[in-house]
Every structure is written in C-alpha cells, then in structure tokens.
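Please walk me through this structure in the viewer, one selection at a time. Tell me what to pick next and what is found there.

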Amino acid sequence: MKSINLKENQFIQFHQKISFKFDGVKYFGYKGDTIASALLRNNINLVGRSFKYHRPRGIYTCGIEEPNALVQIISEYSEPNTRATIKKIYEGMEIESQNRWPSLENDFGSINNLFSPIFTAGFYYKTFMGPHKKFWKNLYEPLIRRAAGLGKPPKDFKGISNHIHHNVDITIIGGGLNGLLAAKSFINSNYDVLLIDFEEQLGGIINNSNKISSIDNKEPKDWLKETIQEIEDSKNIKILKNTLVTTYNYINHLIAIEDRFVGSKPIEGKVNSTLHKIRASHTILCNGHIERFLSFQNNDLPGIMLSSSFEKYMCRYGLAPSKEPVIFSNNSNSNSLVYGLIKAGLKPKAYIDSRSGEEIEPNLFDLIRKNDVPLYTNSQIKGAFGNKKIEKILVEDSSGALNEIKCDCLCLSGGINPDVHLFTQSKGLLDWDEKDLTYKPSKPFQPTITLGSASGQFNFDNLNSDINEKLKTFKVKKLDVKLELNTNTKYNIEKLWEVSPQKKSLWAKSFIDLQNDVTTKDIRQAITEGFDRIEHLKRYTTNSMGTDQGKISSINALGIVSDLLDKKVNEVGTTIYRPPYAPLSFSAIAGRNCYEFYDPERKSPIHSWHLKNGAIFEDVGQWKRPWYFQINKDESMHDAVQRESKNVRENAGILDGSTLGKIEIKGEDALEFMNLIYTNSFTKMKQGSARYALMLGEDGMVKDDGIICKISDQHFIATTTTGGAATVLGCMEEYAQTEWPNLKVFMNSITEQYATFNISGPKTREIMKKAFPNINFSNEEFPFMTFQFHEFNDIPIRILRASFTGELGYEIYIPSNSAPKIWDNIQSVGKEFGLAPYGTEAMHLLRAEKGYIIVGQDTDGSITPIDLGLSWMIGKSKKDFLGKRSLARSDTIREDRKQLVGIIPSNKADKLEEGQHIILDREIKSPVPMLGHITSCYYSSTLGHDFALAVIKNGHSMIGTKAYASTSSMSTTGVDIVKPVFYDEDNKRLVS
Amino acid sequence: MLIINCPYCGPRDQSEFSNGGEAHVKRPDGSKEIGDREWGEYVFIRANPKGLFYERWVHTHGCRKWFNCVRDTSTDEILVTYKLDEKKPNLNNFKSVVKTPSGEPEVGSGNFTVEK
Ligand SMILES: [Zn+2]
C-alpha cells in the first residue's frame, strides 16, 4: 500500500518531524500523527498477528473501534494493547508489535493457521478436557497462554491518576456537530454544562469527513472555530478534551478518563491520567456512530480498512493511505469518500456496490461516470487475496461473472450503527430499525437525551427541529442552523451481512470478529451445536469478547444469526453492553488510593518510642502494634517472646494498649442501655468498679468482649477489642436509635483521645508507687477490678486495676498528647525493677496460659458464652439483652456443641500446631470424624512445653480424657484434654 | 453508584452509607415469653422481594443516623427516604413508577422491555 501526504491539513504540522521506533526500526512521522497514521505514512500496514491463528493484520480503522492494530509501547513501561489508531506519537517513542515470534514478518505461530480447521468454536472446551484434570493446569493452559493472546504485561508501572468530581446540570458527551450545537444552545444559560470529547480537537464529523460543505454559509472549519470560541467564552460551560466516557451508571453517574499526556511521553512522578466522576441531572449523548465492516473470504488482510476511516485519515491526518483504493459498500455512507478522493485529485480504482443501479444515489452516479471510475453495481466481493497484504480481489458482478481487480487497498462499508454502548449501559432500551438495519436508542431509563447519529438520525434534514424538540424542557434559545452538504443524500442501505464464499474450503476464512479470530463458520457451527441464544453464542465462540467488544462487527453477527435462525434481528436480541466502553487502566481506577495511601495506618502516641527500641510491628486492623521487641539484631522472635513473657511473670512488663477501642456512654438511661447491650448485669455494680463483659449478636454468639468501667449509673466507659471498636460502636448506635429510641443515651469513640498502658507482673506495685507517689496502690485502697481518677503533674489520668496476663496489673489511661511523657517516666523508674516492654505475641502467650480468650481467634461467630465456660457472665435475672433469647434455642443448648478446652501434648516434648484437628483415632483413616480444632497454640517457658486452646465437640465433658491432634506432616500427636487454664488457677497472683 | 437522600444531611454519595437490611422488622419484646419460631424468624428471616422494599440505611460516614427508605430492588431506585419515627409510606403510592430494565425476556437480554 503506497500512501501519499495531502498538501494541506490544519491538524498535522508537516514542518515538525518526529522520529519513533517500530520493532526496532526508526521512522519519521509528523506532530499530530497517531501511531497508525505515522506507520501508514511510512507505507507500513502489517502491524500485528492475530489472536488465535497468528494471521497478519493491518490497520483497519482510524479510531477507538480498532480491532487489529494493538501495539506495545516500550517507552511507557511496556504498556500493552494500545490502540495504534488513537495513541499519538512523540519524539523517541518505542513501539513493538504483539503476539508474534520471532518476528512480525516470520511468525512461528502462524502455523496455527494451517491447523485452523481444528481451532473451531468451543475448541478449548472440547479439546483440553482429558486425559487427566491436571493436564489443563500443567500443560494446556501454559501452552495456550503463550500461543494465544495480546501483549505482554507492563513492567514497573507506577502510573499516577487523580480523581476529580463534577456535579453539573447537563453533561454533553461528544463534541461533534450535534454536541457543539447542543452546547451552543446552553451558552450563557443558567445551566452548569460539561462538554466532553475524546479528541484533542472538537468537531467530530466536521473534521473527520467531507460530508459538510457549509454551515450558516461559512466554511465548516471557520464556523467550528467561531462556535468553539463562543462555547469556551461562556461561563457556564466547561470543556473536557482528550477525555473518554467509559461508564454510564445509575442516576447519571458517569466515569470518564482524561489522558494528560497526549502526544508526549508521560513524565514519571506526574499525574498521567485524570478520572472524572460526574453527576449530572441530564446526560445528552452525542457520541455519534460507528461504521460496520463486511464479511467475505480473507476480509482481514492488511490493506483492508473501513471507508469512513480512510476518509478520516484524509481529512484529519492529511494522508491518503492509498492513491487508488477499491471501495465496496452496501450503503450511501461511502459517497463522501468518493467525493473526497476526487477532490484531492485521486481516484478510486473501482466502486463496487451491492445495491442496484436504481438505488445508488444519482449524484454519486454522476461523480463516478464523470471521472471514469469503474463501477460495479449489484455486485459483491467474493474474496481478497495476497501475501501479508491485499493484492487482488474477486468481484462477482451483476451478471454473475467473476472479475479480478488488482489493488493495494480496499475500503469497506457495511452500514453504520449509532454508538449505543453508553445508552445501553444507562439501561436504555434499543429498537431494531428495519430500514436502516441497525439498533437505535428508544426508551431511555434515565434522564438521557440522544442527538444526531447517536440517536439514529443518519440524515441532517431534521437537525434543528430534533435538537429544539429534545431540549425543549430546558430554558434555552432555539437553534436555526443552515447546513449544506457535499453529497446531498439520504442514508440508504441494503441488507448484506456476509458474502457467500466462492470456494468451500476448510481453510477459507471469512471473519466476523477480527480481534478474537472468530469466523462466520464458527457462528454457523455454534448454532448447529445448539448455542442459538445470543449470550450463549457469544461465550461459546468468543465473538465480540475482545478489548474492542466487537464495535465494528457485533451487529453483523446478529444479522447472520437472525438469517440462520430465520428470525427477525430484534427477536435474536443483543448481548448486554457492559462498562467500560474502552479499557481503562487499574492505576486510573485506583487513583491516589495506592501504595502508601492504600489504607490509612493508625499509630499509637508511643509509636516513635517503639521504633527507637527495636519493635517489630504487627498489623491489627489498620493499627501498627509492636509484635515483639528485639534487644539485638540477632534475637529471634521465639527468643524475644519467651524473654518478654518470662519477664512479666518474674518482674514486670509494659504493653502499649492504646489501640484498644474505648467508648464513652452517657445519659440518663445509660445503665439500662448497658444492661441491654452486654450479657452482664451492671445494676448492682458499685461506682468506681469494673467488670469483664461480653457482647453477643442476636443469634447468641460472642461478638466482642471488653472491660466496662462504671463511673455512675449515667456514665460508663467500655473497652473493646482493637479490631472490634467500630463494630461495637456501630451496634450500640443501631440499637439506641432503632430498637430503644426511648432510652436517653449517647455514645462516642474516645479511642484516639486516650493512650492506654498495661503494666503487669509481680513488681508492678512498686513501679506504680514510684511513678505515681501520691497514689495509694495497696490492695485495700485499690482492689482488683476497680479504677480511680487522679491528676499527675496536671495531667488527668485514670488507673484501672485489671490484668490480661494473670499477674498483678494496672491499666493507665492518659490523654494522648501527654502519654509519651508518662511512658518515658515509667520506663525510667521501672528500670531498677527490671521493667521491660512486651509485644502482642507475648501478651497472647500470657493470656493463653490463663485461658483468656481472644474474640475472633478462639471464637469464630459460632461460639456462645456457655461454650466458652463463661455462663457466670450472663445476667440471668435480666429480662432482656442482645441475643438472650437465642441462648435458649434448641441448637444453642445442645450438649455436643463445640466447647473451649485446653490441650497439652501427652508427651511433653511433642509439638502442637495452630489450626490442626482434634480427632479420636491415632490412625488417620478417611473419613476422619473431627471433633474440632486448635484455636491458639504456644510454647510456654513457664510450663516448659507446648500448650493450646481448642474448641471441640462436647469438650467440657471430655476434660480429663485423651485424644489426638493432627499434624501438618499428616500424622498425629497424642494429647490430653484439660481445663483451659494452665497457670495460677486460683487467681492468687491476680489479686495479690 | 446511588445518591441517597439522608433525611438529616440531604443527598450524598452511596459510599457514605451502609445498608441495614429490611426495615420495620420488630424486635420481639424481651420481657414477654417468645416462642422459638417467633424468635427464629426475627433473627434469621428477612424478605427479599424483586420490586419495592422497605429498607434501613445508616449514614455511617456522615451523621451516623439510621433511617428508612423504599427501594425498588429491580432498578435500585430509591423512591423515598424517611426518619425512623415517620410512618411507613404505602407502597401503592409508587406502583405507577416501577420499571424493570432487565425484565428477563424469553429470548435475548436486558435490552428488551417487558410490558406488564
Ligand atoms: Zn446524614
């Protein structure tokens, strides 16, 4: 294909040469070129290999609908599957073709084309089934993945995208003729308007075709310039260019992606795309139409392109891809291409139309006759032939004779479709137009207006009245635009979906989906095999399932299916159009919510101290908690945890418990409310005392636990688990508002307002005395499970005597801002007593030795307080609380429920593993009846062996018996089932 | 994404809200004897109609207030939101505006209207 540059073009700067590389070879294009137009300028049309058969493929279109010309942009982190027809070139751009090996010219995979008779519809489903199910994973899938497909995944891509929200009255999608006229109506009105266009230059059909000769007696481009200026000057209209609307959701919620680096290389670290999230009261769709192709033998050869695309290359890029293309059409849409070619001093090699001479427009007839263009009416192309490019075509003329025409380019037009993608995404309904042979928008589901060819108006004669009528609900001025056309015709089309092949050969291919290599034969075969519902057919054949979603071909497929089934097209229906309209990258969707901004990190006020003191952190929800502290780089986690826990048992340890949820509950009816929320009864509880409490779901299962401090009947402070804080507050709010709105009670989170330090160990009292000399910590003055308010150096603090380790312990609550000072003070006075910080892992070990549960680890949403042996916590005299009635359900009172027990290895040297099953038999013989599983498991240096908590069926009555625990090496370990408490069963240390 | 009209704050993005399931489900009075069936139905059973549905929402990332609404589950359209202490609206008031975009046609897909 020999292309020529046309002299004049307002969009291409012919004086500004740009060099780029395609498959390692350097070429030149001009500023304003897309990859496709630049390649065509260099007479390159072989740009890729097809998905399945590795057939040579060229540039088929000039826009977003491109099925073939997908390339990999090496200079942009190797971004794959980029449409060459829309991506602009820049100096130094590096591009590679896709899906070929070792080279585009000599592709090994094209051997698939020889085997093509076996790669038919449903090929994968039928072929790769046996002989063993492992064959798919280990052999077939890796092979297919290498042979079939598109580009390679990008490397080290760190795209940055911003999200911007718009709230407007009107969104106009498409800045072509109708979009501009709609925007013009809204100039200086009271409506906020957003006008969005995918291209850098507004104008659509005015820029892309020869159709319009004058607007309001002006040159189209002059009118365009004036109009755009007026719209830009209007204060109520905002224009987004280089922005593609990909998604049309409920309630006029649109998603659009703006390319911020059109025609230049994205700068690392700069925002390369903007995702616009738009809310509008009304959406006006002016997104135009898409031309269809036609199916005949070898309709995929490089050198074949859509005729409107050829016209767009001429008008928009100053480039005729060929000097003498053959045109094949079944409709009037290519008339303007014939006109444009002749105006440019070129001539079609032949004009072939499936319509009869009477149907062909008289002015086209005149033009063709006057310029001696060979004309074939009532004729069809039987096939195209050539080696990696089109060289000749066979035309069956009206007499049935076959004519061979040599050519280097063939322009196709199979008719046009309104681009209904966004309209159907909005849930609007389509109707089949039997005259124009296409689906057109009918009933909108939302406040959606369609204008111009997007609404199925393929002629211009109702331009003004249509816009005025559809915009009459708005207070805008009426339009009266005068439009003159170059080829004064009404849209006319004759039905033609597929030309029947000249030779019936197994290797003859007439494509219906170029990107996914689906042939018309595949469609036939699928229907023969019973896949006659359009959604089944689509998935079985993969028709229209490529990244182009069959934009130029899916209606043809419906036409072929309707003929085969002898049904009307609207009885066949269409498949559902789903967002996005065109692929958009994950980085655009993620926006700034990635890397360090992916999820907030919550840190305690003591965090910087932990960092300085060797803390290794653990994520608990969004919180960073010290897991353990390394005293030197060589200390292992096991050693650190054992050292920390031993120190708590022998001296004293301090844990940063600031992440625990803290909720303050106040109000006249706070007592009654707390009695309803928790299982415990708080009525008889003294002021200044604290209680360990459980919260259940209405199903009776344990949801959270914590310590409740009663300041008065009108004022409580509850602690929750670190992970459960939001849920507990949410649950309290829900019941306060929805079930007991009569109770006067308010609650709020004070988690971040207060830091919490948990100090415990036998030497704690001495440390506390030294740290807070004005407070009496004696057992009489400060008994277990009581709390006191104090002031320390003018800092208000609350001290609670409680323990999660089983040792004497205190929890200190301090306003967050003053916490580091007090923490440092405790560290320095504690030194002489051997005080050391400990992390969550040592805390877990210490509490497990005491048999204290962790909600979410030892419980899983199917465990009641009774299962845990915590019946004493249930306020039996209370009439009601969350989940109370469920504790008496037949399923909850079953005796063989899973219950909490302790497990120790019968042979103390044996190891236990968390998550392993408890079973009755030493031998593992399937089916293995499983009693339950180990929920927590640790080595204890205090005990000198492994121990575990487990939930097992009928566990409470199995205490004192023996069983087995499975191991990860598929054997078993003998275990003793014991009470779930391993240390200081009488709580002597707790109350010492 | 839906726009939900919080009765306290006005129209806001769906991402600020959490769904709370069926509305107007009365919690049995704990001070009285409750049968297994009655309690079981309260805890486990909720309606799941295609069409109009009384539903609870909470403005989680806003005013934290619970409120009720009528939502058409076939179209996701929220027809009205109202405060908890307001009377529940009569569903017959909305019949005329119910539409189904994907009314399961015999052949084809969501692009067909189904006349009721
Ligand atoms: Zn609100």
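## Charged pairs in chain A

Start by selecting A:K710 and A:D713, whose side chains form a salt bridge with an N to O distance of 2.9 Å. Keep in mind throughout that the model is predicted. A:K710 is buried, at 2% relative accessibility, while A:D713 is partly exposed, at 28%. The cut-off behind these words is simple: a residue is buried when its relative accessible area is under 20%.

Next, select A:R649 and A:E807. These two residues make a salt bridge in which the closest N and O atoms are 3.0 Å apart. A:R649 belongs to helix α19 (residues 637-650) of chain A, and A:E807 to the loop between β43 (795-800) and β44 (809-815) of chain A, so the pair ties together parts that are 158 residues apart in sequence. Are the two partners buried or exposed? A:R649 is buried, with a relative accessible area of 5%, and A:E807 is buried too, at 1% relative accessibility.

Now go to A:E404 and A:K406, a salt bridge whose closest N and O atoms are 3.7 Å apart. Here A:E404 is partly exposed at 45% relative accessibility, and A:K406 is exposed at 55%.

For a group of linked residues, select A:D867, A:D891, A:R894, A:D896 and A:R897, which are joined in a network of salt bridges. Over all chains, the structure holds 58 salt bridges. Side chains of opposite charge can pair when their charged atoms come close.

## A helix and a surface patch in chain A

Select residues 554-565 of chain A, which form helix α15. How far does α15 of chain A reach from its first C-alpha to its last? The helix has 12 residues and reaches 17 Å, close to the 16 Å expected at 1.5 Å a residue. Of its 12 residues, 9 are buried, so α15(A) is largely enclosed by the rest of the structure. To see the buried part, colour A:S554, A:I555, A:N556, A:A557, A:L558, A:G559, A:I560, A:V561 and A:S562. Then step on to A:D566, which follows α15(A) and has a positive phi, near 55 degrees.

A:I111 lies in helix α2 (residues 111-114) of chain A and is partly exposed, with a relative accessible area of 35%.

## Chain B and its zinc ion

Show chain B by itself. It contains 1 helix and 6 strands, and along the sequence these follow the pattern β-β-β-α-β-β-β. Chain B has 116 residues, of which 37% count as buried.

Finish at the zinc ion. Which protein atoms are its donors? They are B:C6 (SG), B:C9 (SG), B:H59 (ND1) and B:C63 (SG), lying 2.0 to 2.3 Å from the zinc ion. Along the chain, the donors are spaced as C-x2-C-x49-H-x3-C. The site of the zinc ion is tetrahedral, with angles of 105 to 115 degrees among its 4 donor atoms. B:H59 is buried, at 1% relative accessibility, whereas B:C63 is partly exposed, with a relative accessible area of 29%.

Technical notes. Residues are numbered from 1 along each chain as its sequence is written. Chains are lettered from A and ligands numbered from 1 in the order in which they are written. This is a predicted model: local features need pLDDT of at least 70, side-chain atom pairs count only at pLDDT 80 or more; totals for chains, interfaces and linings use all residues. Side-chain values use heavy atoms; hydrogens and water are left out. Donors are N, O and S atoms within 2.8 Å of the metal (3.2 Å for Na, K and Ca); water is not among the atoms, so sites may look incomplete. Four donors count as tetrahedral if all angles lie between 85 and 135 degrees; four count as square planar and six as octahedral if opposite donors are over 155 degrees apart and all others between 65 and 115; anything else is irregular. Buried means under 20% relative accessible area, exposed over 50%, partly exposed in between (1.4 Å probe, protein chains only). Helices (H or I, at least four residues) and strands (E, at least two) are DSSP runs, numbered from the N terminus. The expected span of a helix is 1.5 Å times one less than its number of residues. A salt bridge is a side-chain nitrogen of Lys or Arg within 4 Å of a carboxyl oxygen of Asp or Glu.
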